Protein chains: 2
Amino acid sequence: MSNVKSSRQTRILAELVNTPSLRVAELAQQLDVSTETIRRDLDALTELGLLNRTYGGAIRRLSSEPPVHERHNLFIAERGRIAAAVLPLITSAKVLIIGSGATTVHVAQRIAAQMQDVTVIAHSFGVAQALAVNRTIKILMLPGSYNADEDTMLGAHTVAFLNNLYADTAILGASGLGNDGPSDALLETGAVYTAMVARAARTLVVADHSKFSLVFPARYAAWRQINHLVTDEPPEGALLKALQENHVAIEPVST
Amino acid sequence: MSNVKSSRQTRILAELVNTPSLRVAELAQQLDVSTETIRRDLDALTELGLLNRTYGGAIRRLSSEPPVHERHNLFIAERGRIAAAVLPLITSAKVLIIGSGATTVHVAQRIAAQMQDVTVIAHSFGVAQALAVNRTIKILMLPGSYNADEDTMLGAHTVAFLNNLYADTAILGASGLGNDGPSDALLETGAVYTAMVARAARTLVVADHSKFSLVFPARYAAWRQINHLVTDEPPEGALLKALQENHVAIEPVST
DNA sequence: ATACAAATGTTGTATTTACAACATTTGTGA
DNA sequence: TCACAAATGTTGTAAATACAACATTTGTAT
């Protein structure tokens, strides 16, 4: 790469520190090059994850975005798709229970972006914070022992408190999807999930395909108690058979 | 402003949390309104400083932070001294209740660093995270409506749950220290504090001198119910008189 | 100096957005 | 119900951008 090229790109990045957004024409004039050159620079810098492209210009890379090396992490995109697929299933819900885990946080972000005036019962701070951006959503946090690793409330208090509540739909994650039901790695989490399933009229399990046929210590429900499995790839073999026998709807139906 | 208008603008802001930049046409299609409406929404939100406009769309506001973080930057040294002064008062405590606010987070950090095997009842995520670094501390989070501004659990659930608990000592912050007692800016916070005072054998109030003689809507306790005031400068005048008459010990006694 | 590749510029066209003016719909209070 | 204002939609035009194809300049190795 030529020296002049890289120094120009450095200047573009430096400009972005001051100004939130820049326009192609603006940069072209300021750096005395053609708009096409700027466009190529911006595309190159976008490829490197150093900035974000907009129509007509670029903006500084935002801190909350995943780091560059994580951009190729397949499961982030999968979770986003799973989250998007959940929304149509809960349009009429008024009271939701949302469990913990990476996928449920994605679902919470999606809910915050697209739903209004719902009440969400949660035991994960990540979920609560994702929902909090939408002020029309009422968030009821469950009590419990705070687990810093999982960022959740767990234990007897959590379960006991849940038993006085009732919700339309529970949306739960899972560490593994075995033939006899979804399971979690942590016994305490499993106990809370079991209570959540019991207190909701309907239960959705969200999990990407990497969880297929894995078994963890805490099986928190039998498949017959689960109404929907929202995932990114169609399950096969014994797992598919178990889901079908227990009338678990698989979403999305086709890839 | 119409209801549909504000909820649409809320959705725009929420969507912006997930995606760094959005385009007018994209939003118009997604929200099923014309591009002109979106344009007007974006201009209005820009006017309020809630987002940044770009050519063709908008991006999340970049520069500013929630007001909660601002408070953390004021009187940091004072709060550190106050937190250090709290520790000698609670060496024998086994079960603590800790309220919310910037000063109590400092106290929590101090406790995490110097104490072992205590149980802490909390309604603030910040306090929980500060304590979580010490694995010997058991953290019981209270339930409640999650308030994103204060990062706390509030409301009837919180109070009701507290009424089944008991603690050696409560450590509470305050927005103001009036002549008839400590008060908070938020009514809901005050209600929770009142319950905390009632459920603890002893109550400490922690507040820096900027709170002296300020009065806020929710007086959550009378001075006679408070055992210690831990602050960084000796109070004077009417406040000092009120504290002495109600036998509130002032810590540290000297600067 | 020559040849080749990289970088940049130029041109033309299709898309997209911005903006203003005006029409229509919706909401609200008398 | 009527009247009025707010909110939203529609239309036409100007301006800006995106994109592709090709031309030109610059850099570099032999």
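A polar contact is a pair of N or O atoms within 3.5 Å; within protein, one must be able to donate a hydrogen and the other to accept it, and residues adjacent in sequence count only if both atoms are side-chain atoms. The model here is predicted, so local features need pLDDT of at least 70, side-chain atom pairs count only at pLDDT 80 or more, and totals for chains, interfaces and linings use all residues. Residues are numbered from 1 along each chain as its sequence is written, chains are lettered from A and ligands numbered from 1 in the order in which they are written, and side-chain values use heavy atoms, with hydrogens and water left out.

Let us look at DNA strand D.

| Residue and its atom | Atom of DNA strand D | Distance |
|---|---|---|
| Arg23(A), side-chain N or O | sugar or linking oxygen | 3.1 Å |
| Arg53(A), side-chain N or O | phosphate oxygen | 3.1 Å |
| Gly56(A), backbone N or O | phosphate oxygen | 2.8 Å |

Helices (H or I, at least four residues) and strands (E, at least two) are DSSP runs, numbered from the N terminus. Among the elements giving two or more residues to the surface near DNA strand D are strand E2 (51–54) of chain A and helix H1 (3–18) of chain B. A residue is near the strand if one of its heavy atoms lies within 4 Å of it. There are 20 residues around DNA strand D, and Arg39(A), Gly56(A), Arg8(B), Thr37(B) and Arg40(B) come nearest. Of the DNA strand D atoms within 4 Å of the protein, 65% belong to sugar or phosphate and the rest to bases.
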